[in-house]
Amino acid sequence: MTVSAMRAPAAAEDDVPDIAAGPHLSTDYLNRYGEALMLIEMAPMDLGILDDLKDWRVVDYRGHFEASQLRCAASALQAYEALDPARRQAFEELCRAMNRLIATVTALLGDLRDEQEASIVVEVASEALRSLIGRATRFINANGQIDLGGIDTRGLQSEIDALFGR
């Protein structure tokens with residue numbers, strides 16, 4: 001069983017499918033997003049952290065585990081390949097939404113020099129990113145056995161842009 005990377009709220013016992021047998025997805029992948037979240041939250045205190053945030057790179061689930069030396073890497077890849085294609089696509093859409101959010105926040109913070117404005121951007125963005133990471137964590141902890149539902153990424157991006165006045 002994997003451990004939540006972001007301490008997502010625990011699902012009710014009835015909501016979690018039995019995933020005892022077979023290969024398992026791994027939340028290790030989500031540590032990448034946790035790192036970006038940490039950098040975003042630290043940015044208002046030190047805008048020099050923006051350089052680290054700008055260096056953050058998108059890596060997909062497969063790429064992460066193909067390059068990983070973790071013992072669970074092969075199992076994580078096997079479980080990912082075994083996912084229902086629609087559920088895998090929904091997870092990938094969720095990851096693209098997180099990637100766009102991180103890119104948008106990075107660009108906004110790069111344009112801002114006012115600490116108070118940066119704090120507002122970070123507050124809104126970190127709440128949104130934390131929520132998305134929580135959804136991804138629940139999906140991985142259920143080994144892809146839950147439906148993420150349709151993620152309207154255009155709608156999500158529109159909401160992000162509206163929040164930041166773009």
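This is a short tour of the structure, stop by stop.

**Before you start**

The model is predicted: local features need pLDDT of at least 70, side-chain atom pairs count only at pLDDT 80 or more, and totals for chains, interfaces and linings use all residues. Residues are numbered from 1 along each chain as its sequence is written, and side-chain values use heavy atoms, with hydrogens and water left out.

**Whole protein**

Show everything as a cartoon. The protein has seven helices and zero strands. Helices (H or I, at least four residues) and strands (E, at least two) are DSSP runs, numbered from the N terminus. Now colour by burial. Of the 166 residues, 44% are buried. Buried means under 20% relative accessible area, exposed over 50%, and partly exposed in between (1.4 Å probe, protein chains only). Switch to the surface.

**Helix H1**

Select residues 31-42. This is H1, with twelve residues. From first C-alpha to last it reaches 16 Å, close to the 16 Å expected at 1.5 Å a residue. The expected span is 1.5 Å times one less than the number of residues. Next, show the buried side of the list: Arg32, Tyr33, Gly34, Ala36, Leu37, Leu39 and Ile40. What covers these buried residues includes helices H2 (50-55), H3 (61-66), H5 (85-111) and H6 (115-141).

**Aromatic pairs**

Show the rings. There are nine aromatic pairs in the structure. Rings of Phe, Tyr and Trp (its six-membered ring) pair if their centres lie within 6.5 Å; planes under 30 degrees apart count as stacked, over 60 as edge-to-face and the rest as tilted.

Pick Tyr29 and Phe91. This pair is tilted, at 6.3 Å centre to centre and 55° between the planes. Tyr29 lies in the segment before H1 and Phe91 in helix H5, so the pair ties together parts 62 residues apart in sequence. Tyr29 is buried at 2% relative accessibility, and Phe91 is buried at 1%.

Move to Tyr61 and Tyr80. They are stacked, 4.4 Å centre to centre with 25° between the planes. Tyr61 is in helix H3 and Tyr80 in helix H4 (residues 73-82), so this pair ties together parts 19 residues apart in sequence. Both Tyr61 and Tyr80 are buried.

**Last stops**

Finally, select Tyr29, Tyr33, Trp56, Tyr61, Phe65, Tyr80, Phe91 and Phe139. Ring pairs link these residues into a cluster.

Methods. Contact means heavy atoms within 4.5 Å.
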